[in-house]
Amino acid sequence: MTISTSAEPAPAVAVDADAPESAYVAEAGVEDEGTGESCWRRHWFPVAYLRDLDRRRPQPFTLLGEDLVLWWDRQGEVWQAFSDVCPHRLVPLSQGRINASGELECPYHGWTFAGDGRCTAIPQAESGTTPSERRSRCRRHATAQAQGLLFVFAGEPEDAAAVPLPLVPMLEEGDWLVQDTFRDLPMDALTLLENVLDVSHVPFTHHRTVGRRENASPVQAELTGFGPEGFTAIWPEGPRRGRLGAQHTTFLAPGLMWHDLTAKGFARILTVVYAVPIRRGECRLFARFPFGFESKLPALLLRLRPLWLQHIGNHTVLEDDQVFLHWQERVLERRGRSGSAARAFHLATGADVYVKALHDWVVAYQGDPFPGEPLPPRRELAALMDRHDSHTRHCRACRDALARIRFWRPALAVVPWLALLALLLWPGPLALIAVLAVALLAALAHRQLGRWERQLLSGDGHPPRNRD
């Protein structure tokens, strides 16, 4: 990553909310927001963890408002990404199938497409018919695989080779235990980035999940680089009142950030977030938590926890602030979006250096993924708490866990009745004790499975910080 740097780090200053917009932009040394194409259209984005993709069937994804179909090209042995529309009658190819030849088949009339987008079969075509090769071809996007993710290039395929993949360089070396999750969030990618870059909210928003209010302290962070490719910053004291050491932050434009922290004697810890714009007001979060432990024991213990249980915990943390971020971005939109952030926000302390830098970057480099496009109406709480459609049905581990729970839970409900029947057939005090023990264990297991089932489907809307 190449970022222009100055001789001295930029100071962490409070911003006057009453200052004119031109002063806000000039302070960062950037120019007013242009009217050109959003820079998001010229970059790679992750669309799925490779482990969650199913090579047997096509899968849909929406990137920057364009519907895509992801499918495994058996002949080319590569994941393909096409526009999710058949050139014949415009139906979604993601509703189709991978046929016996390993090609993508449209569900409507059976038109078939090879990995390069060519139409290879039209069942209705008469002998000698030659459909237009150009008009019968699917639009194809460049794809790549790296660090366990499938990436799609949002721009023209011929431009993809000149643009590097947005990777975390540290993951290419060393021994890391990486915990991953993802979720479709009801907010813009920029809102998500603003949230995860802001280190000062953690003790309050995430109190009793990953933070504690008593650990809050002034955040004297400093920018160490700023340019079209993003920015870097350092928080010398770091979280938990300096007990964990300095934290370094990198924003790799337009949609990747990471915090880098080395807790001496314990581990090097990264917090990595990809914010992938689906459409206005919706993004997919890919969160990665790499740990470089100095001892083998913590890694061993973390590996014992099933991935789907980890994801339930991740949902709780995400829902700590999901509701009010969904609200906040609509207030900011009414007040002028990033171009008016200095007036809309009151950035009163050095803790706001990350937020200010992000909006400076948006203004300077056409960093709005959906310029001029309004947000959709605000969602109700139940929709904001959905976990099934935003995660579980897309996640192999959680989807399989839900299926197993739904298989075993009805069976456990029958166990007490079978135990009672056994008691009638073989009465006696020992049998009674055994029946009561089995019935109790079955009831507890049935209850716990029900709790996990609900947690895989939705959150309860009551963040831990507000609970008694």
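**Ground rules.** I noted that this is a predicted model, in which local features need pLDDT of at least 70 and side-chain atom pairs need 80 or more, while totals for chains, interfaces and linings use all residues. Residues are numbered from 1 along each chain as its sequence is written, and side-chain values use heavy atoms, without hydrogens and water.

**Confidence.** I checked pLDDT, the predictor's confidence in each residue from 0 to 100. The protein chain averages 90, and 92% of the residues score at least 70. Over residues 1-36 pLDDT stays under 50. For that stretch the model has 74 contacts beyond four places in sequence. A contact means heavy atoms within 4.5 Å.

**Overall build.** I found 10 helices and 18 strands in the protein chain. These are DSSP runs numbered from the N terminus: helices are H or I with at least four residues, strands are E with at least two. The C-alpha trace spans about 85 × 80 × 45 Å along its principal axes. Of the 468 residues, 50% count as buried. Buried means under 20% relative accessible area, exposed over 50%, and partly exposed in between, with a 1.4 Å probe and protein chains only. Among contacts with a separation of 6 or more, 66% join residues 24 or more positions apart.

**Cores.** I then looked for nonpolar cores: sets of buried Ala, Val, Leu, Ile, Met, Phe, Trp, Tyr and Cys residues joined through side-chain atoms within 4.5 Å. The largest has 85 residues, and W40, V168, L192 and Y274 have the most contacts inside it. Strand β17 (residues 267-279) gives the most to this core, with 7 residues. Apart from this core lies another, of 14 residues, including F82 and F113. I also listed what V168 touches beyond four places in sequence: Q147, L256, W258, L270, V272 and Y274.

**D321.** I found D321 in helix α5 (residues 307-334). Is D321 buried or exposed? D321 counts as buried because its relative accessibility is 4%. Beyond four places in sequence, D321 touches N195, H201, T205 and H206. D321 and E172 are 149 residues apart in sequence, and their C-alpha atoms are 32 Å apart in space.
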